[in-house]
Amino acid sequence: TVTLMGLFHNLPVRLKDFQKNKTREFQRLLRKLQAYAIIHCDVRITCKNITAKSNSVVLSTPGTKKLLDSITSVFGAKIKDHLTELTLQCPGDVSVKGLISKCAAGRGLSSGDRQFLFLNKRPVDVPKLTKAVNEVYKQYNMHQFPMYFLNITMPTAAYDVNVTPDKRTVMFHEEKRMVESIKEQLKEFYEPTRGTMTIQSFGTVKPKKGQESSQEAQEPGAEDTEEEEEARGGAAGEEEDEEGVALSLRSDRPSQQSQDSTPPSSSPSLPPRLPLRLPPPGLASLLASLASSSPRSLL
């Protein structure tokens with residue numbers, strides 16, 4: 001058990017700065033502790049934040065020797081469906097093993113805050129390798145960043161950790177070769193899933209017992225309604241036939257009347273269908289006189 005009390009009590013300047021940014025420093029401390037809790041899955045780790053008003057558990061791992069159990073205990077059970085196992089073998093007796101996000105839409109994150117790299121179970125920062133993994137993932141899911149928890153295993157003579165006091169910055173003897181090998185193998189790993197999409201199946205919904213009995217009771221009635229509809233359809237067809245005959249008879253009658261009303265061509269005594277209107281007798285004589293007179297007499 002490790003307990004921190006009275007931190008920076010003899011350094012007033014650092015204590016003041018720490019109290020001013022205590023939330024930010026606590027989150028940084030928690031992230032470092034999360035990294036060790038994830039990779040050391042055989043150790044049960046519990047972290048509590050004890051204050052004057054509360055005593056809350058902020059981190060707890062089961063210690064079941066399974067990497068996925070440690071990750072779900074830290075970030076929640078929903079992350080299990082987003083991850084898939086990854087195992088790579090690189091030249092120089094270098095192996096990479098862990099969990100990484102699936103490349104389907106919605107399986108990544110909008111930021112890269114859940115990317116953990118370990119070197120022989122020690123948390124490290126490898127910017128070139130992180131960039132390579134993100135570039136490959138962007139080719140298959142361009143709108144999100146991957147989550148990954150990868151442990152690199154290699155001989156201790158192939159790297160140097162004595163660069164910074166926290167030993168998170170590492171210098172590899174063949175870093176470029178290792179990064180290119182991991183990049184190519186990641187492309188081969190994600191290539192079979194290109195253009196695929198996961199569809200959630202909801203299964204078949206079975207009706208309840210009461211609904212089944214009601215459906216069975218309605219089936220004979222449905223047959224009766226079909227017979228009634230057929231009978232109605234036949235009756236409607238007969239009515240339509242009768243109406244059709246009536247309309248044809250009605251349409252034939254005007255033609256017969258018009259044939260009867262038209263007079264024969266040999267009877268001139270009958271008046272024409274459109275009578276002509278003749279002008280009055282006085283107007284007719286005036287027009288006749290005007291037509292017989294010459295233009296000079298008119299002037």
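Of the 299 residues in the chain, 23% are buried (under 20% relative accessible area, with exposed meaning over 50% and partly exposed in between; 1.4 Å probe, protein chains only). This is a predicted model, in which local features need pLDDT of at least 70 and side-chain atom pairs count only at pLDDT 80 or more, while totals for chains, interfaces and linings use all residues. Residues are numbered from 1 along each chain as its sequence is written, and side-chain values use heavy atoms, with hydrogens and water left out.

The chain contains eight helices and nine strands (DSSP runs numbered from the N terminus: helices are H or I with at least four residues, strands are E with at least two).

Strand β5 (residues 115-119) is largely enclosed by the rest of the structure, because five of its five residues are buried. In a regular strand the side chains alternate between the two faces of the sheet. In β5, Gln 115, Leu 117 and Leu 119 point one way, and Phe 116 and Phe 118 point the other way.

Two strands pair with β5 (pairing requires at least two DSSP bridges). Strand β7 (residues 148-153) runs parallel to β5 and is joined to it by five bridges; Tyr 148 of β7 is the bridge partner of Gln 115. Strand β6 (residues 123-124) is antiparallel to β5, with two bridges between them, and Val 124 of β6 stands opposite Leu 117. β5 and β6 form a hairpin with three residues between them, and Asn 120 in the turn has a positive phi of about 55 degrees.

By contrast with buried β5, Leu 4 is exposed, with a relative accessible area of 61%. Leu 4 lies in the segment before α1 (12-20).
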